[in-house]
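This briefing covers helix packing, ligand surroundings, a record annotation and local backbone features. Please read it with the sequence and structure in view.

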Amino acid sequence: IRSKLPNTGTTIFTVMSKMAQEFEAINLSQGFPGFGADPNLLNLVEKYTSAGYNQYAPMSGIEALRMNLAKKTAHCYGYLPDYEDEVTITSGATEALFASICAVLRPGDEALILEPAYDSYEAAIILNGGVPIHIPLNKEDFSVDWERVKSSISFKTKLIVINTPHNPTGYVWSEKDMQSLKEIIRDRNIFVVSDEVYEHIIFDGRKHLSLMGDEELREKSFVCGSFGKTFHVTGWKVGYCIAPKELTVEFRKIHQFLTFSTVTPIQYALAEYMENPKHYLAIPTFYEKKRNLFLEGLKKTELKFSATQGSFFQTVSYGHLSQKGDKQLAEDMCKELKVACIPVSSFYHDSTDNQFIRFCFAKEEQELEEALHRLLRLE
Ligand code: PMP
Ligand code: GLN
């Protein structure tokens with residue numbers, strides 16, 4: 001068979017989690033919570049499976065979940081999407097991202113990606129015949145180089161993929177970023193896929209700026225999110241896409257043949273759980289405590305960093321300590337110090353190595369403390 005993704009291997013998240021297991025290392029690599037979900041949420045799944053909600057859900061998602069997600073969007077971002085025509089429940093944000101990209105791109109169309117970037121964007125663009133155009137984020141603080149974005153636009157540009165809060169750097173978009181994006185796509189036939197899976201994991205009183213909150217931007221955007229990230233259940237793989245009716249029609253044509261619909265009892269459980277806004281409003285404080293604990297410990301190590309603004313990741317630089325490539329460093333760290341991390345070069349199409357590694361701090365305090373203790377040996 002002739003590969004459609006000749007330059008793609010197994011994702012780094014799978015590789016590093018496997019290595020962590022093999023070497024019995026603390027796994028701060030792949031991003032997933034190391035603690036359980038709220039028992040009330042788990043009980044709701046039991047309630048709905050026992051009550052017989054075990055057959056296919058409607059293609060676009062169960063009504064109660066779409067409705068409550070629409071209400072949450074209004075509550076958080078000031079816009080109430082039409083749950084019938086604008087909201088679709090998907091099997092994880094991964095499916096939402098893929099279906100959005102598939103809906104927009106035709107062979108030869110160009111799609112802009114800001115690097116470092118989450119690995120699924122590039123693959124989805126290529127599989128849909130698109131041409132990824134890579135734009136590096138500013139080196140100092142991982143902010144967006146808007147001049148570079150502007151100069152990368154051509155008559156073939158159809159799409160820009162954005163991600164805030166950002167994986168892996170934790171950069172959070174400012175009002176200025178939103179304005180710049182708006183000006184660049186105004187009067188152009190360019191769509192936006194906005195990956196907002198970390199919308200509720202944001203720190204120091206910052207406010208997540210969803211594209212849903214901007215009238216002009218939401219007209220051209222697919223906003224993708226993930227219940228797995230927000231409610232500590234990444235293994236459930238339930239996500240969503242919110243987009244204007246015209247775009248949702250095309251999105252659903254693809255969704256119905258990718259997965260058709262998403263796990264039924266879990267959708268009912270999430271719908272009921274979301275009726276209490278505290279369940280998502282409490283998330284920033286919950287994670288800020290973990291971030292602070294982790295950063296206090298990191299300060300005592302030799303690693304350099306600036307505090308992550310959002311997401312459950314902290315990216316650190318080690319170039320002043322070692323000339324090793326980041327993949328090598330991650331491997332050695334896993335085997336010798338027994339702490340697994342992600343080499344950030346994996347977020348670049350050409351494996352650009354800036355000597356950064358990423359840690360996930362969505363873990364129990366005890367586990368974080370033990371990992372930090374081990375990192376003290378890094379020199
Ligand atoms: N986008 C980003 C930036 C992510 O970090 C992840 C992580 N898993 C996803 C998308 C995929 O989300 P899901 O697990 O809901 O498919
Ligand atoms: N998004 C997660 C991360 O960045 C991983 C998800 C996956 O394993 N595909 O670590």
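The axes of helix α13 (residues 283-299) and helix α15 (residues 365-375) come within 9 Å of each other and cross at roughly 15°. That angle makes α13 roughly parallel to α15. The model is predicted: local features need pLDDT of at least 70, side-chain atom pairs count only at pLDDT 80 or more, and totals for chains, interfaces and linings use all residues. Residues are numbered from 1 along each chain as its sequence is written, while chains are lettered from A and ligands numbered from 1 in the order in which they are written.

**Terms for helix packing**

- Helices (H or I, at least four residues) and strands (E, at least two) are DSSP runs, numbered from the N terminus.
- Axes are lines fitted to C-alpha atoms, for helices over the stretch in contact, and angles run from 0 to 180 degrees between N-to-C directions.
- Angles under 35 degrees count as roughly parallel, over 145 as roughly antiparallel, 65 to 115 as roughly perpendicular and the rest as oblique.

**Helices α13 and α15**

- K290, L293, F294, G297 and L298 of α13 make the contact with E365, L368, E369 and L372 of α15 (C-beta atoms, placed from the backbone, within 7 Å).
- This contact of α13 with α15 comprises 5 nonpolar, 1 polar and 3 charged residues (Ala, Val, Leu, Ile, Met, Phe, Trp, Tyr, Cys and Pro count as nonpolar, Asp, Glu, Lys and Arg as charged, and the others, Gly among them, as polar).

**Helices α2 and α11**

- Helix α2 (residues 39-50) packs against helix α11 (residues 264-273) at an angle of about 130°, their axes being 8 Å apart.
- α2 and α11 are therefore oblique to each other, and their crossing is right-handed.
- On the α2 side, L41, L44, V45, Y48 and T49 meet P265, I266, Y268, A269, E272 and Y273 of α11.
- The contact of α2 with α11 divides into 9 nonpolar, 1 polar and 1 charged residues.

**Helices α4 and α10**

- With axes 9 Å apart, α4 and helix α10 (residues 245-258) pack at an angle of about 120°.
- That makes α4 oblique to α10, and the crossing of the two is right-handed.
- E95, A99, S100, C102 and A103 in α4 meet L247, E250, F251, I254, H255 and L258 in α10.

**Ligand surroundings**

- Of the 14 residues around ligand 1, G92, A93, T94, N167 and S226 come nearest (a residue is near if its C-beta atom, placed from the backbone, lies within 6 Å).
- Helix α4 (residues 92-104) gives the largest share of the shell around ligand 1, 3 residues.
- The ligand 1 shell has 3 nonpolar, 9 polar and 2 charged residues.
- T11, F13, Q30, G31 and N167 surround ligand 2, a shell with 1 nonpolar, 4 polar and no charged residues.

**Record annotation**

- UniProt, in an unreviewed entry, lists residues 26-375 as "domain: Aminotransferase class I/classII large"; such annotations may be inferred rather than shown by experiment.
- The end C-alpha atoms of residues 26-375 lie 11 Å apart, and the span is 41% helix and 15% strand.

**Local backbone features**

- Most residues other than glycine have a negative phi, and most peptide bonds are trans.
- The peptide bond from E115 to P116 is cis, with omega near 10°, and P116 lies in the loop between β3 (110-115) and α5 (119-127).
- The N167 to P168 peptide bond is cis, with omega near 15°.
- E24 has a positive phi, near 50°.

How values were computed
Contact = placed C-beta atoms within 7 Å. Left-handed = near helix turned anticlockwise from the far one by under 90°.
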